[in-house]
Amino acid sequence: PSALRSRDVTVPRVACSGGAPGGVTALPAQAQGLPAPVTSATRMEANRHVLYILRDADGRGAPKGAVIGFLKVGYKKLFLLDRNGAHNEAEPLCVLDFYIHESLQRHGYGRELFQHMLQSERVEPWRLAVDRPSEKLLAFLRKHYGLADAIPQVNNFVIFEGFFSNRPGEFRGGDKEGGGSTG
Ligand SMILES: CC(C)(COP(=O)(O)OP(=O)(O)OC[C@H]1O[C@@H](n2cnc3c(N)ncnc32)[C@H](O)[C@@H]1OP(=O)(O)O)[C@@H](O)C(=O)NCCC(=O)NCCS
């Protein structure tokens with residue numbers, strides 16, 4: 001496919017409470033700024049799931065608004081083991097679903113989408129828990145964020161070194177646009 005030059009990230013802040021029977025929830029197309037429903041996500045409960053959608057805004061070489069990929073995150077209460085094997089209750093932001101269209105993988109779109117999510121959620125990458133990451137996603141996290149040192153868990157989530165620490169803001173180097181809105 002020809003290069004998709006112009007993208008934008010649609011951020012529907014839709015709390016999907018109570019899916020349809022069978023656990024499938026389709027976000028309203030209007031909420032996503034898309035011509036048709038794009039996601040059917042299982043069990044999007046009322047727990048602050050956010051779906052980020054990367055789409056081709058001007059439609060060069062693809063239908064206008066064509067979806068390049070999506071990333072779903074949400075906060076979950078988890079029991080997580082630290083390096084000493086002690087249980088810790090935490091409620092991290094979890095990466096739940098992440099997909100870039102087959103034909104567009106390894107073009108940097110995943111990173112663009114992930115980066116947008118990190119900034120929007122104001123979260124450091126090592127504070128994330130990742131639900132059953134694929135080998136591709138593990139490679140992605142290693143490459144772009146240096147996340148290589150997983151702390152073994154007994155559930156399906158993967159967390160990395162630094163999750164429990166007060167790691168200094170080495171990720172903050174860029175432009176974390178501060179809100180600075182108090183009161
Ligand atoms: C994982 C995924 C979202 C990454 O998005 P992306 O746009 O391909 O990633 P980027 O182009 O920003 O980054 C590329 C890096 O991701 C990793 N990666 C992407 N595709 C890969 C593949 N087929 N094999 C191994 N690593 C891969 C590599 O680290 C790669 O760097 P490299 O090309 O130098 O090896 C995408 O590959 C994808 O949708 N894969 C299929 C679905 C999936 O596994 N989702 C995760 C579910 S848990």
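Reader: Let's start with the ligand: how many residues surround it, and which are the closest?

Author: First, this is a predicted model, where local features need pLDDT of at least 70, side-chain atom pairs count only at pLDDT 80 or more, and totals for chains, interfaces and linings use all residues. Residues are numbered from 1 along each chain as its sequence is written. A residue is near a molecule if its C-beta atom, placed from the backbone, lies within 6 Å of it. Here 18 residues surround the ligand, and Q105, G110, R111, S134 and A139 are the closest.

Reader: Which elements give two or more residues to that shell?

Author: Helices (H or I, at least four residues) and strands (E, at least two) are DSSP runs, numbered from the N terminus. For this shell, they are β8 (93–100), α2 (109–121) and α3 (135–145). With 5 residues, α3 gives the most.

Reader: Which residues of α2 are buried?

Author: Buried means 20 or more other C-beta atoms within 10 Å of a residue's own, with C-beta atoms placed from the backbone. In α2 that picks out G110, L113, F114, M117 and L118. Looking down the α2 axis, they fall within an arc of 135° (taken from the directions from the axis to the C-beta atoms), so they line one face of the helix.

Reader: And what is M117 in contact with?

Author: Contact means C-beta atoms, placed from the backbone, within 7 Å. Leaving aside neighbours within four places in sequence, M117 is in contact with Y52, L71 and V73.

Conventions
Buried ≥ 20, exposed ≤ 12 C-beta atoms within 10 Å, placed from the backbone. Contact = placed C-beta atoms within 7 Å.
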